[in-house]
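Subject: Structure handover

Hello,

Here is the structure for you to look over. My notes follow below it.

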Amino acid sequence: MEITFRDAVTVIHGIGFGALLLLAFSGAAAALYALSTSSTPWRPSGSDLILLRAYFWGMALLAWLAVLIGAYVVYPWYRAHPPAGAVDLSGFPKALLMSTPATSQWHDIGMEWKEHLAWFSPISLTAVAWLMGRYATALKDMKSVRNVLVGLLALGFFATAVPGFFGAMLNKYAPVRGGANIVLMRGEAHDK
Amino acid sequence: MTNSEMQPTNGAAAATLLSVGLGGLVLGALALAGDAIPAVAKALNIWNPTGPLSGVTLAAIVVWLAAWLVLSRLWSTRTLDMRLIGGVSAAMIVAGLLLTFPPFMDLLQGK
């Protein structure tokens, strides 16, 4: 069981940070509901509030790590130009996708949208984390602030889920691969 | 003291939301400008391995944080009309999202 260095970094970017962030949205939505609109609103204690704020700042941190590693580590590998006349494009994912009409739109729409859209996620989630720190205990009575939080959280989810989908599809058709092989486990070749 | 007197004002939330709208709009506008105008793309290419995306996102983040800082100082103790600010912010966010969507970018450029 081996994985290349670039594959490993892409996995950390997409699954380690991106997918974990997507999972965290359900907890954020539940916390927002419990604090504000349930019939018996949650009144968090001091230690609850610390954990609650850490949770939302943790989501913002995951979003920042995902976009920064995506834009400044994985994306340069993805968009690298192949040498003139290159036939094997497997090390140049963007060129590989654009080499055939069957896959070019994965780049033209998928990557072109993902690379910009994803930045709405850390921006909106940083705002959400900050607002939770300031207003968490007042949300029951402040509908306008609650609406702001719901809207920003929905924006953060959209800006995480859509790039996540395109990232997974792009990596199916043109994996970002290369660098040193990392051996995770040794095995034996066999028929069954 | 009543509950409403103990509540924080909504000005900080308004500043936070409007700054996200401004940052999102700048992100979308620069993404379109970089796509449509080669000279802008070159100017936004502040780190070559990442290309114009580096300048687009850095500019959007700077505008977002600067707007957040300034608006927070102006509004943090005030109670504001959140319908108006929410509507303006939502319009800017939607515009920013649309401007990053490649088919919409192409439509605006007549491609």
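One cut-off first: a residue counts as buried when its relative accessible area is under 20%, as exposed when it is over 50%, and as partly exposed in between. Keep in mind that this is a predicted model.

Salt bridges

The structure holds two salt bridges over all chains. One joins the side chains of R177(A) and D7(A), at 2.7 Å from N to O. R177(A) sits in the loop between helix 6 and strand 2 (181-183) of chain A, and D7(A) sits in helix 1 of chain A, so this pair ties together parts that are 170 residues apart in sequence. D7(A) has a relative accessibility of 10%, so it counts as buried. R177(A) is partly exposed, because its value is 47%.

A salt bridge also links D35(B) with K111(B). Their closest N and O atoms are 3.6 Å apart. D35(B) belongs to helix 2 of chain B, while K111(B) is in the segment after helix 6 of chain B. They are 76 residues apart, and the pair links distant parts of the chain. D35(B) is partly exposed at 34% relative accessible area. K111(B) counts as exposed at 65%.

Where chain B meets chain A

Helix 2 of chain B gives the most, with nine residues. That side of chain B divides into 21 nonpolar residues, 14 polar and no charged.

The contact takes 35 residues from chain B and 31 residues from chain A. The area buried between the two chains is about 2,900 Å². Carbon and sulfur atoms give 77% of that area.

Aromatic rings

A search of the whole structure finds 16 aromatic pairs over all chains. In one of them, F25(A) and F157(A), the ring centres are 5.3 Å apart and the planes are at 80°, so the pair is edge-to-face. F25(A) is in helix 1 of chain A and F157(A) in helix 6 (residues 143-173) of chain A, 132 residues apart. F25(A) counts as buried at 6% relative accessibility. F157(A) counts as partly exposed at 40%.

There is also an aromatic cluster with members from both chains: W106(A), W113(A), F158(A), F165(A), F166(A), Y173(A) and F101(B).

T160(A) lies in helix 6 of chain A. Its relative accessible area is 8%, so T160(A) is buried. Leaving aside neighbours within four places in sequence, T160(A) is in contact with G18(A), L21(A), L22(A), F25(A) and S121(A). T160(A) and K140(A) are 20 residues apart in sequence, and 27 Å apart in space from C-alpha to C-alpha.

H13(A) has its place in helix 1 (residues 5-36) of chain A. Is H13(A) buried or exposed? H13(A) is buried, because its relative accessible area is 15%. Beyond neighbours within four places in sequence, H13(A) is in contact with G18(A), A66(A), I69(A), G70(A), V74(A) and K114(A).

Best wishes

Notes:
Residues are numbered from 1 along each chain as its sequence is written. Chains are lettered from A and ligands numbered from 1 in the order in which they are written. This is a predicted model: local features need pLDDT of at least 70, side-chain atom pairs count only at pLDDT 80 or more; totals for chains, interfaces and linings use all residues. Side-chain values use heavy atoms; hydrogens and water are left out. Contact means heavy atoms within 4.5 Å. Buried area is the accessible area (1.4 Å probe) that two parts lose on being put together, summed over both. Helices (H or I, at least four residues) and strands (E, at least two) are DSSP runs, numbered from the N terminus. Ala, Val, Leu, Ile, Met, Phe, Trp, Tyr, Cys and Pro count as nonpolar, Asp, Glu, Lys and Arg as charged, and the others, Gly among them, as polar. Buried means under 20% relative accessible area, exposed over 50%, partly exposed in between (1.4 Å probe, protein chains only). Rings of Phe, Tyr and Trp (its six-membered ring) pair if their centres lie within 6.5 Å; planes under 30 degrees apart count as stacked, over 60 as edge-to-face and the rest as tilted. A salt bridge is a side-chain nitrogen of Lys or Arg within 4 Å of a carboxyl oxygen of Asp or Glu.
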